[in-house]
Amino acid sequence: MLLGLTTALVATVCFGFGAVFQARGARSAPRADRVHAGLLAALVRSWQFILGTLLDIVGFVLSIVALRTLPLFLVQAVTNASLAVTAVAAVWLLGARLRRGDLAGILAVVLGLTLLALGSGREGRDHAAPAFHWALLATTAVMLLAIVVLVRREGNAAAAGLGLLAGVGFGVTSLAVRVLDASGLAAVLTDPAAYALAVGGLGGYLAYALALQRGTVTAATAAGTVTETFGPALIGVTVLGDAARPGFEWCALTGFVVAVGGTFVLSRFGELEGESAELYAPHRDTGAEPATPPR
């Protein structure tokens, strides 16, 4: 359990810093009103978006170890706590300031994860019926269709919707990693979960990048918290047999609720991040050069 928890925590740090770098890179690219190759090319030309993506890849590799050794509700709560890391990283990289509510959110996340780690028990099954594997793949197909529809919309509602779809994609990826038949190359290539993992991950990143162009980094991240955290956690308990330590169910449940609640509190921090971005943007009327952001 110690190895899985350590890799999950390091992955959380990678995800938190990656979100900030991806946000800066996504906003430097032209706004897109449809999915096309030019959007991906523009993102690839941004070193900040590439760095953020590389951090996400490292985090994902580390999270695989955690997903194969820990209950899903523990891994999802830990990795989604990356919003607390994002807030701290935004202070350092964007010159934003933490308010009392933000500090309370960070403390809630830390306290919740501590209780959750103490109350977590055994990991459930690492396999599921073939219908479950096909259901994961079908979910990614629906997600892609919804992205095509929402990408033509503007405003906070569209950003929240795309963030929610990103959460669906990442949630499916977590479940696919858990149940993937990795007994051999042939087993992987014939497992629908393998394709659900790939499509869910890529589709989630695409939806997340589009959401970042329509809202603040933390607002876009918080929008996917419900599906990415609660969905896999619930499926892990009801379908795959994850469980808390005997007699510590209250501890695990309380920790889960407090950690996720702290994440929602931190979603307000996105407004500060957005104000910092405007502070260093060129003035529309005067065309003045932006001030140098603090380091």
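How are α4 and α12 oriented to each other, roughly parallel or roughly antiparallel? The model is predicted: local features need pLDDT of at least 70, side-chain atom pairs count only at pLDDT 80 or more, and totals for chains, interfaces and linings use all residues. Residues are numbered from 1 along each chain as its sequence is written, and side-chain values use heavy atoms, without hydrogens and water.

Helix α4 spans residues 72-80 and helix α12 residues 225-238. Helices are DSSP runs (H or I, at least four residues), numbered from the N terminus. The two pack at an angle of about 165 degrees, with axes 8 Å apart. Axes are lines fitted to C-alpha atoms over the stretch in contact, and angles run from 0 to 180 degrees between N-to-C directions. α4 and α12 are therefore roughly antiparallel (angles over 145 degrees). α4 passes α12 in a left-handed crossing (the near helix is turned anticlockwise from the far one by less than a right angle).

Contact means heavy atoms within 4.5 Å. In α4, Leu72, Phe73, Gln76, Ala77 and Asn80 meet residues of α12, including Glu228, Pro232 and Val237. This contact divides into six nonpolar, five polar and one charged residue. Ala, Val, Leu, Ile, Met, Phe, Trp, Tyr, Cys and Pro count as nonpolar, Asp, Glu, Lys and Arg as charged, and the others, Gly among them, as polar.

Helix α6 (residues 100-119) also packs on α4. Their axes come within 10 Å and cross at roughly 160 degrees. α4 and α6 are therefore roughly antiparallel. Their crossing is left-handed. Phe73, Leu74, Ala77 and Val78 in α4 meet Leu113, Leu116 and Ala117 in α6. By class, this contact has seven nonpolar, no polar and no charged residues.

Methods:
Parallel < 35°, antiparallel > 145°, perpendicular 65-115°, else oblique.
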